[in-house]
Amino acid sequence: SPNVCRIMLKLLSSTPWGRARRRFSSAGGVSPTMATGGQRVVDALTKAGVNTVFGIPGTHTVPIYKEMESNKESIHHITTRHESGAGYAADGYARATNDMAAVCVITGVGLTNTITPMAVALADSVPMLVISSQVPSFWSGDRSSRQYSHFVPNIEGIAASVCKPGGSFSVTSAEDIAPTILEACALARSGRPGPVHVSIPVDLLSSTTSAVGLEDTPPVTFPELSAAAHAQLEAAAAALSAAKRPVIIAGGGTAGSSTLLTQLAEALDAPVLSTVAGKVRVWQAGFRRLPMASTAFRWLSTTSNDFQHLASTAFQ
């Protein structure tokens, strides 16, 4: 009845939810001193250099999509028909542009639909960030056995099976959203690239907390090469210098390095063959090349090449 509605509205207005709603309405949006979880996600993506996201908007990820809509000049979203399509599209985008593959999906079953593209990215060393919503942070303990929309038990463990080691992150507070995403992006790009996953509870995405310090969140960096790796490179350089008939096998890891690949091949006066993942890089380089590795391995076995240099192949 109208009386019940009036009483309920009066009661709600005195709760933290009601006070936050009044602040939001009076300011025409979130206060400049406040930030939603969705805003923290988009801010972190921008800082990480992500400019294109693939996915399907869902009830659980509305706060993220509201912020992407408000930041269309910096982040472009491409909607697909299915989450697996989003994953594969992001994978192809990353291979073609050398940018980070980014995917945004809903809780549980939305993420499981993305598992196969993540496995492909892991096998082919493609840097991929998958952000998924998760059931509310209070949905634990005795409630974990009860059904929640799209809930899948142990979803972080499922995602971890197709991520880089240590690459499945679970956010536990709104303030940790941006640092976690930045750390995940740095991990995806470091060393041998691969997929990572960040799970964010829906209540944290919609929560509004102080934005103090948000702009000061520093990007996370990982050392590209260890001392042991440098030593291996020095040994490889010495072996290449002594080789009489070197051959370069270029894999998917040469993405974005066509110019360097050309310079290396010219310095060694070496022919170049490629794996399936590296053939586009070889074509971009535009120098003399042999068939793909699957055919060329048979050729190598019949020649007297005394050294083969594998350049960032997927089976390193």
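User: Which residue in β7 is the bridge partner of S168?

Analyst: That's H197. Quick heads-up: this is a predicted model, where local features need pLDDT of at least 70 and side-chain atom pairs count only at pLDDT 80 or more, while totals for chains, interfaces and linings use all residues. Residues are numbered from 1 along each chain as its sequence is written, and side-chain values use heavy atoms, with hydrogens and water left out.

User: What makes β6 and β7 a pair?

Analyst: Two strands pair if DSSP finds at least two bridges between them. Three bridges join β6 to β7 (residues 195-201), so they meet that definition. The two strands run parallel. Strands themselves are DSSP runs of E with at least two residues, and helices are runs of H or I with at least four, both numbered from the N terminus.

User: What order do the strands of the open sheet take, and which are the edge strands?

Analyst: The six strands go β3-β2-β4-β5-β7-β6, with parallel pairing. β3 (76-79) and β6 (168-170) are the edge strands, since each pairs on one side only. From one strand to the next, the twist averages 20°.

User: How do you know whether the length of α5 agrees with what a helix should span?

Analyst: The expected span is 1.5 Å times one less than the number of residues. α5 has 15 residues (83-97), which should give 21 Å, and its end C-alpha atoms are 21 Å apart, so the two agree.

User: Which residues of α5 are called buried, and where on the helix do they sit?

Analyst: E83, A86, G87, A90, D91, Y93 and A94. Buried means under 20% relative accessible area (exposed is over 50%, partly exposed in between, with a 1.4 Å probe and protein chains only). Looking down the axis of α5, they fall within an arc of 165°, so they line one face. That arc is taken from the directions from the helix axis to the C-beta atoms.

User: Why are α5 and α7 described by the term they get?

Analyst: Their axes cross at roughly 25° and come within 7 Å. Axes are lines fitted to C-alpha atoms, for helices over the stretch in contact, with angles from 0 to 180 degrees between N-to-C directions. Under 35 degrees counts as roughly parallel, over 145 as roughly antiparallel, 65 to 115 as roughly perpendicular and the rest as oblique. So α5 and α7 are roughly parallel.

User: Which residues of α5 and α7 meet?

Analyst: Contact means heavy atoms within 4.5 Å. S84, G87, Y88, D91 and R95 in α5 meet T116, P117, V120 and A121 in α7.
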